[in-house]
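Welcome! Please take a moment to look at the sequence and the 3D picture below, and then we will walk through some of the details together.

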Amino acid sequence: MFDFLSLPFMQRALLGGEMVAVVAGIVSPILLFRKMSFMSVGISHGAFAGIALGILIGISPMWTAIAFAMGLGLLIGFVSKTGKLSEDATIGTFFAFSMALGIFLIDMSKGYHPDVMGYLFGDLLAISSSDVYFAMIILIIAALWYLFRGRAAIYSTFDEDFSRIVGIPVDIDYYVFMAVASLVTVVAVMFVGVILASSIMIAPAAASKMISKRFSNVTLLSISFGMLAVFGGIAFSFYTNIPSGPSVVFFVTAIFVISLGIKWSKNFVKS
Amino acid sequence: MSKGVLFIDSLTVRYDHRVAISKISIKLDLGKFHVIMGPNGGGKTTLIRAIVGLVPYEGKIEIDGLNMKKYLKKHPIGYLAQRGAQFQSFPLTVLQVVEMGRYHFKESKAVRKKHARQYLNEVKMDSLANRSIGELSGGQQQRVLIARALATESKLMIMDEPLTGMDPRSQSKFYEMIERIKERYSLTIIISSHDVGFTTAYAENVFCINKHLVPHDEAAKLLNDPEIKKIYGSKIRLVEHHHLPSEEKEDV
Ligand SMILES: Nc1ncnc2c1ncn2[C@@H]1O[C@H](COP(=O)(O)OP(=O)(O)OP(=O)(O)O)[C@@H](O)[C@H]1O
Ligand SMILES: [Mg+2]
């Protein structure tokens with residue numbers, strides 16, 4: 001049954017994919033409770049413009065993707081923090097622009113046209129070992145963030161004014177978090193593609209929120225749900241030959257729907 | 001010169017150029033229980049938020065001779081915000097909410113929880129310690145937030161309308177608790193309130209703001225109104241404070 005695990009490219013896919021699930025599970029509950037989940041949509045599309053620029057000027061798309069995603073993440077953060085414009089309007093404007101810019105840049109790179117579909121929908125089975133190392137570094141960053149700033153982030157999400165008064169550097173924390181969330185989104189983009197990254201950044205946390213009442217459990221559950229979906233998605237894709245990205249998203253969505261069902265049935269029993 | 005007092009000197013706060021409070025000057029003795037009164041929109045919340053450093057202001061605020069902003073960097077304040085919308089489903093327990101007030105202490109998780117429980121007990125909410133904060137009623141949430149403010153163990157407690165949503169029994173319990181902890185820990189307490197009855201009976205100093213500091217004799221006239229006295233008794237105390245210079249022109 002699990003014979004696919006003996007293939008090296010499957011091992012890489014699984015290892016990388018599970019790390020993406022873990023980092024997404026660490027940051028996404030905070031995004032969710034700040035009502036900023038849509039941000040991951042904006043950042044992942046920003047990463048696409050970065051990838052396109054990397055291809056055009058011939059450097060590793062990973063670096064340009066990081067630069068673009070972080071730039072966009074901090075910009076969205078700044079605009080929504082200073083409250084001049086609502087977040088969704090900012091994200092909506094910039095993500096369309098990023099996609100347009102990305103397609104334009106890819107079109108400009110004459111001759112070699114890389115597989116745009118691969119970047120849009122990802123291909124877990126084609127990841128390299130350097131991608132896996134990249135994911136490992138982001139995993140360490142996300143874990144350190146959670147360890148040192150996790151509690152403060154929960155507090156300032158719950159009650160920003162009081163957090164300031166007990167001495168939490170709310171503004172610095174906010175931008176640090178935006179930077180970490182942007183990095184996490186970039187890894188998700190590298191593994192499951194621009195379009196599907198937001199799925200793994202939103203759905204596991206949303207599913208966990210519905211069935212858990214403790215923040216630490218929400219985080220643990222959203223990590224577990226993501227890991228389960230990655231495992232199921234990769235195995236399913238191996239045996240059915242459907243692309244791995246969409247396959248993972250099917251599993252993520254299935255978990256979300258099941259949680260929704262659990263929540264509804266609980267309410268039903270109560271009433 | 002301003003030892004032993006919270007000294008507010010010519011404090012002006014604007015929101016987008018509109019003046020919310022203007023040139024408020026007052027000295028509040030440390031170690032006393034002060035009450036800010038005033039109509040809706042009179043600027044109570046604004047004054048409180050300026051004191052705790054949540055809004056920028058012009059003028060000066062000093063505590064015991066020290067610039068308030070410097071003081072705030074080292075000392076948290078037992079702050080309770082005016083009640084807005086109720087907290088909806090947020091995955092924190094009542095106990096964890098109170099633990100927020102311990103953030104600045106270097107203590108183990110177990111000690112933190114022990115202290116938090118003790119302050120929950122102070123507001124008689126310990127039986128609900130493990131409930132989700134969103135599952136509590138508005139008045140219960142208010143009591144939890146009061147416990148959180150107490151948990152900071154600050155010398156200065158500033159609470160914006162702490163009594164909204166509390167039944168009369170809880171209100172008098174609140175005042176008894178305030179008096180008790182004030183004596184025990186020699187705290188300075190500043191609250192805002194609309195309630196003339198209870199508040200003025202327990203307060204050691206009441207002042208009234210309506211964009212400006214309402215001059216003492218006007219406020220006194222109001223509080224000495226025979227009707228009000230009849231309802232609330234005569235335990236109403238007001239202090240002298242600086243009179244305003246003649247009416248200033250307001251920025252538009
Ligand atoms: N965030 C804000 N932006 C703009 N104006 C504000 C803001 N907050 C308060 N104001 C204005 O400042 C003035 C003082 O408001 P404040 O909230 O301090 O009054 P208050 O005395 O606390 O009233 P209440 O009894 O209703 O709580 C009002 O005119 C109000 O419209
Ligand atoms: Mg107010």
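Helices (H or I, at least four residues) and strands (E, at least two) are DSSP runs, and they are numbered from the N terminus. This is a predicted model, in which local features need pLDDT of at least 70 and side-chain atom pairs count only at pLDDT 80 or more, while totals for chains, interfaces and linings use all residues. Residues are numbered from 1 along each chain as its sequence is written, chains are lettered from A and ligands numbered from 1 in the order in which they are written, and side-chain values use heavy atoms, with hydrogens and water left out.

**Chain B as a whole**

Let us begin with chain B, which has nine helices and 10 strands. Of its 252 residues, 54% count as buried. Here, buried means under 20% relative accessible area, exposed means over 50%, and partly exposed is in between (1.4 Å probe, protein chains only). Chain B exposes about 12,000 Å², and carbon and sulfur atoms supply 51% of that area. Such areas come from the Shrake-Rupley method with a 1.4 Å probe, and for residues only the protein chains shown count as cover. A contact means heavy atoms within 4.5 Å. Among the contacts in chain B with a separation of 6 or more, 72% are between residues 24 or more positions apart.

Where does helix α1 of chain B, residues 44–51, sit? Seven of its eight residues are buried, so this helix is largely enclosed by the rest of the structure. The buried residues include Leu47(B), Ile48(B) and Ile51(B), along with Lys44(B) and Arg49(B). Just after α1(B), Gly53(B) takes a positive phi of about 80°.

Helix α2 of chain B (residues 68–74) holds Lys69(B). On the surface, Lys69(B), Lys70(B), Lys73(B) and Lys74(B) gather in a patch of positive charge. Patches are made of residues with over 30% relative accessible area and no salt bridge, with like charges joined within 9 Å and nonpolar side chains (Val, Leu, Ile, Met, Phe, Trp, Tyr) within 5 Å. Lys and Arg count as positive and Asp and Glu as negative, whereas His and the chain ends are not counted. The place of a charge is taken as NZ of Lys, CZ of Arg, CG of Asp or CD of Glu. Lys69(B) has 44% relative accessibility, so this lysine counts as partly exposed.

**Salt bridges**

A salt bridge is a side-chain nitrogen of Lys or Arg within 4 Å of a carboxyl oxygen of Asp or Glu. A search of the whole structure finds 17 of them over all chains. Here are some examples.

| Pair | N to O distance |
|---|---|
| Arg164(A) and Asp171(A) | 3.1 Å |
| Lys113(B) and Glu99(B) | 2.6 Å |
| Glu153(B) and Arg102(B) | 2.8 Å |

In chain A, Arg164(A) is partly exposed at 29% relative accessibility, and Asp171(A) is partly exposed at 32%. Turning to chain B, Lys113(B) lies in helix α4 (residues 109–122) and Glu99(B) in helix α3 (residues 94–99), so their pair ties together parts that are 14 residues apart in sequence. Lys113(B) is partly exposed, at 29%, while Glu99(B) is buried, at 2%.

Glu153(B) lies in the loop between α5 (138–151) and β7 (156–160), and Arg102(B) in the loop between α3 and α4, so this pair ties together parts that are 51 residues apart in sequence. Glu153(B) is partly exposed, at 40%, and Arg102(B) is buried, at 2%. Back in chain A, salt bridges that share partners join Lys81(A), Glu160(A), Arg164(A) and Asp171(A) into one network.

**A buried phenylalanine in chain A**

Phe191(A) lies in helix α8 (residues 170–192) of chain A. This phenylalanine is buried, with a relative accessible area of 1%. Which residues does Phe191(A) touch, not counting those up to four places away in sequence? Among them are Gly16(A), Val20(A), Leu124(A), Ile127(A) and Val132(A). Phe191(A) and Asp131(A) are 60 residues apart in sequence and 8.3 Å apart in space, C-alpha to C-alpha.

**Two backbone angles to look for**

Most residues other than glycine have a negative phi. Glu161(B) has a positive phi, near 45°. This residue lies in the loop between β7 and α6 (168–185) of chain B and is buried, at 9% relative accessible area. Lys211(B) also has a positive phi, near 70°. Lys211(B) is found in the loop between β9 (205–210) and β10 (212–213) of chain B and is partly exposed, at 21%.
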